[in-house]
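Q: I have just opened this structure and would like a guided tour. Could we go through it step by step?

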Amino acid sequence: MAIKQLSIFIENKEGKLSDTIKIISDADINIRALSIGDSQDFGILRLIVSDTEKAISLLKEDYIVKETEVIAVKMDDKEGALYKILKVFEDAKINVEYTYAFTAPKLGAYVVFRVNDVKSAEELLTKDGFTFVNDGDLN
Amino acid sequence: MANYFQPEIETASREEIIRIQNEKIVKQVKHVYDNVKYYRDLMDEKGVKPEDIKSIDDIKKLPFLTKNDLREAYPYGLLGTDLKNCVRIQSTSGTTGKRVVAFYTQHDIDLWEECCARAIVAAGGTNEDVVQVCYGYGLFTGGPGLNGGSHKVGSLTLPMSSGNTDRQIQFMMDLGSTILCCTPSYAAFIGESLAEKGYKPEDNKLKAGIFGAEPWTEEMRRSIEKSLGIKAYDIYGLTETSGPGVSFECSEQKGMHINEDHFYAEIIDPDTGEVLPEGSKGELVFTSLDKEAFPLLRYRTRDICILTREKCSCGRTHVKMTKPMGRSDDMMIIRGVNVFPSQIETVLLNEGYTPNYQILVDRKNNTDTLDINVELTPEQFSDKVSDIQAMEKALEGAMRTMLGIGPKVHLVAPKSIVRSEGKAVRVIDNRKLHD
């Protein structure tokens, strides 16, 4: 249920982001979701793509790239929807390390979470009736 | 008007200085040979006996000492007397975390302080002056050396040590300091701080400054002189030979007189070790002539400079050295602290990083900056920004412990540090240090 995200270390310098994205673009890999965590010196580019294996094999030539497990929770496009998910985590004392939200034509709105306890998060959310985006949905 | 602390020796004739050196070198070599096994072995290896040294010209026969010997012999291997005769230790940071430790008997302290006193008097100091010493006190020789020199002159000494600029300025204004002793970059910083507080150069009572422990340019001298309304004098020394005061500038402000009744200077070709004729540019080598606890014969300083014996208008007859024009090794002086790239490499390896790094040194607002770029490995990569920042902070802490100054560490992508001809450029120093 958890899906694979790519985390790529890039320097916070002009042209670095486009250099990275070009590699993915040239290989006809589709980017489903994207977020960047940054500091003054560097950025961590997080991508969910249509072909994770291929993207890693291309990127690891020149970059530090790491596969990270995240969960992508389908969400109603309504007021209070995000809070419902966060409340589950809060009650279970699950720590959210970072999160970002996306909408996609077929999938609707979804939120990506990197949490410290993927297994418990999935169990609790499933119990409360939430559904997830799976790797197969992204191809 | 010329001012001397010990006029008879500072203005002695060339013949008299040579006579003193001849007499002292024979004794000093015998003292070392009899008491320092490490150097005795070096002499034996070279087949030189103390009897072979009959005058200062024979010094060429002696083997060199390097910083590496000091590390090998750490801590007591070069000690020239019983510890019970020693009264002081001073120290400098060394390459592998091992420090250079220098020992002093009371005789050695007196000799050192007299050298500093000569520098203070040359800068116009008398027993009516208030000498503000803001070199660091402690193991660093700057504070204790100038403090002792000021006592010998009979000046009122303000042992401020470094830092706390507001307090430095308050004491300077309230107690009417007339001579300032610190690093040139700190003098420039004090000048700026005074201006920020609304003081004009004529508001302070300072007349002179004795600035050393790091390289500085003529341009920086003029700027400090203007901002503080003083005459700025250079002073040179190193812990290995005692500390500051090995040489100092006089009213001419053109080269530093070496106290050659205590320290004999040679210029050598750093590659061949050959002694070069007067006026040549090369590596400066010092021989102590009168030390008990830590006598060093032919110690290679790695500083590149020129010696001249041109007649000086101040009346001093001692040989002059130019400001160091560079180094024959890779040592950098950053905020007055000696830093070797190998120290940085040692920390990186200890902390589990690759030795792929680059050191960037610059001077911003008269303060040296030290940035270290370190390549991250895939194994170390966490996709949390805060994790990477915590790694940088931890590395900065380890560097500060090793170097004595705090750098800014930046973790960078692998292979991002430019390699020229396959070899990475380790140090980029953008400071203008030499004229």
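Q: Where does a hairpin join E2(A) to E3(A), and through how many residues?
A: The model is a predicted one. In chain A, the hairpin between E2(A) and E3(A) passes through 3 residues.

Q: How many bridges join those two strands, E2(A) and E3(A)?
A: E2(A) and E3(A) run antiparallel and are joined by 7 bridges. One pairing places Ile31(A) with Val49(A), its bridge partner in E3(A).

Q: What sheet do the strands of chain A form, and in which order?
A: An open sheet of 6 strands is formed, with antiparallel pairing, in the order E2-E3-E1-E4-E6-E5 (chain A).

Q: Which strands stand at the edges of that sheet?
A: E2 and strand E5 (96-104) of chain A do; each has a single partner strand, so one side of each lacks a neighbour in the sheet. On average, neighbouring strands of this sheet are turned by 30° against each other, direction ignored.

Q: Which helix packs on it?
A: Helix H1 (residues 16-26) of chain A packs on the sheet and touches E1, E2 and E3 of chain A. The direction of H1 makes about 140° with that of E1(A).

Q: And how many bridges are there between E4(A) and E6(A)?
A: E4(A) and strand E6 (residues 108-115) of chain A pair over 5 bridges in the antiparallel sense. Opposite Met75(A) stands Ala109(A), in E6(A).

Q: Stepping back, how many helices and strands are there in chain A?
A: Chain A has 4 helices and 6 strands. Starting at the N terminus, its elements run β-α-β-β-α-β-α-β-β-α.

Q: What is the radius of gyration of chain A?
A: Chain A has 16 Å, which agrees with a compact globule of 139 residues, because such a globule would have a radius of gyration near 14 Å. The C-alpha trace of chain A spans about 40 × 30 × 25 Å along its principal axes.

Q: How many of its residues count as buried?
A: Of the 139 residues of chain A, 26% count as buried.

Q: Over to chain B. At what angle do H7(B) and H8(B) pack?
A: Helix H7 (residues 165-175) and helix H8 (residues 184-196) of chain B pack at about 75°, and their axes are 10 Å apart. That angle makes H7(B) roughly perpendicular to H8(B).

Q: Which residues make that contact?
A: H7(B) provides Thr165(B), Gln168(B) and Ile169(B), while H8(B) provides Phe189(B), Ile190(B), Ser193(B) and Leu194(B). The contact of H7(B) with H8(B) has 4 nonpolar, 3 polar and no charged residues.

Q: What about the sheet in the order E19-E18-E17-E22 (chain B)?
A: This is an open sheet of 4 strands with mixed pairing. Strand E19 (408-412) and strand E22 (427-429) of chain B stand at its edges, each with a single partner strand, so one side of each is left without a neighbour in the sheet.

How values were computed:
Residues numbered from 1 in each chain as written. Chains lettered and ligands numbered in written order. Predicted model: local features only at pLDDT ≥ 70, side-chain atom pairs only at ≥ 80, totals over all residues. Axes fitted to C-alpha atoms, helices over the stretch in contact; angles between N-to-C directions. Parallel < 35°, antiparallel > 145°, perpendicular 65-115°, else oblique. Contact = placed C-beta atoms within 7 Å. Nonpolar A, V, L, I, M, F, W, Y, C, P; charged D, E, K, R; others polar. Pairing = 2+ DSSP bridges. Rg over C-alpha atoms; globule rule 2.2 N^0.38 Å. Buried ≥ 20, exposed ≤ 12 C-beta atoms within 10 Å, placed from the backbone.
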